[in-house]
Amino acid sequence: MDNRISFSSDYTKGAHPRILERLTQTNFEQNDGYGTDDYCKSAAEKIKNACNCPEADVFFLVGGTQTNQTILDMLLKPYEGVVAAETGHVAVHEAGAIEFSGHKVLTLPSIKTNANRDDATESGSTVHDDTIGKIDADDLRTYIKNFYADDNHEHMVFPGAVYISHPTEYGTLYSKEELSKISGVCKEFNIPLFLDGARLGYGLMSKRTDVTLADIASLVDVFYIGGTKVGAFFGEAVVFPKGVPTKHPIPVIKQHGALLAKGWLLGLQFDTLFTDDLYLEISKNAVEMAEELRDMLVKKGYQLFIDSPTNQQFIVMDNERLKEFAEHVRYGFWEKIDDNHTAIRLATDWATTKEDIRELEKFL
């Protein structure tokens, strides 16, 4: 067993104790399968109320990659692809899952910096600002307009949907204005907007956000509420605020291996998370612990790789120092800065404590 303290990700722990308690209480119940049980129905109603979208369709899927692949397969025609940031999860970290389903990922530039990469090891500076990982509405409009202006576009992959994540892979957030502008472009070209919410709770509880769950439901065509990374054992709650566009969604979900026979395990977890604001309460804990971690890192002189307002914190570390650090702490590799420095990620989660932060401090 690896006894190092872990800040490598936000899905390394099990589930919230309230979920464990309910699973134990209901273990010998017999429930209908495939999401037709009362727990899924109850969870769906609570989620619709929280999103202020009573007409929504809600589905509970198994994991993030399956969810992204399934949703995009529902939205896209065979000759269409999805527009995403070049740093987007579907473009980088899903082993080509979207392409495997027959749809190309069409990427837009996303990285913007407020520091020269040659100065990446300068103490007290930040390599990237809070625009990294996001797409710009004007860039999106230009991309789509240029596509249709090309006389050969009938021989090309059509932009059939737009994918964004909130928070992004870099822990950054869209403002309500940014979301509204992107939503406007999608409406202008009649293209659905899909928001990946694998870490949605951590975005909603950031002190630097002006976006609510109801805002998201009003601006996008489909999004999901991540459970795997926010207090559940596994599972994602997919929300189509205006209704699912597919006549028969269940076969599509099943074709992608995302339909759980014991679907009540998903419903019960989300029913628990959306009782008494538990989802937001535990998400707030992760953000508060991340702020404490960030303050400690800055105080100790570490350079922030990204100005992240959520639970993922990124720093630049000397490679020799990193070898010693890795003997005591599990972290997430992010990217190589130069021959002597590496950017790493330290992630807090719904169960991180002040004691965890103090223990980490010993090795910084």
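First, the ground rules. This is a predicted model, where local features need pLDDT of at least 70 and side-chain atom pairs count only at pLDDT 80 or more, while totals for chains, interfaces and linings use all residues. Residues are numbered from 1 along each chain as its sequence is written, and side-chain values use heavy atoms, with hydrogens and water left out.

The largest pocket holds about 400 Å³ of space. Which residues are closest to its centre? Out of 24 lining residues, they are Tyr-11, His-89, Glu-169, Arg-199 and Lys-229. By class, the lining has five nonpolar, twelve polar and seven charged residues. Helix α3 gives the most, three residues.

Some terms. On a 1 Å grid over the protein atoms alone, a pocket is an open set of points with protein on both sides within 12 Å along at least five of seven lines; a cavity is a set where a 1.4 Å probe fits but cannot get out; lining residues have an atom within 4 Å of a point.

Back to Arg-199, in the loop between β7 and α8. Is Arg-199 buried or exposed? Buried, at a relative accessible area of 9%; buried means under 20%, exposed over 50%, with a 1.4 Å probe and protein chains only. Beyond its neighbours within four places in sequence, its contacts (heavy atoms within 4.5 Å) include Asp-10, His-166, Lys-229 and Arg-345.

Now the cavities. There are two of 30 Å³ or more. The largest has about 50 Å³ of space, and its lining includes His-89 and Glu-169. That lining divides into four nonpolar, six polar and one charged.

Tyr-39, Cys-40, Ala-43, Ala-44, Ile-47, Lys-48 and Cys-51 are buried. Seen down the axis, the buried residues of α2 fall within an arc of 165°, so they line one face. The face turned away carries the exposed residues Asp-38 and Asn-49. The buried residues pack against several elements, including α1, β2 and α11.

Conventions. Points joined across faces, edges and corners; volume = space filled by probe spheres on them. Helix = DSSP H or I, 4+ residues; strand = E, 2+ residues; numbered from the N terminus. Nonpolar A, V, L, I, M, F, W, Y, C, P; charged D, E, K, R; others polar. Arc of directions from axis to C-beta.
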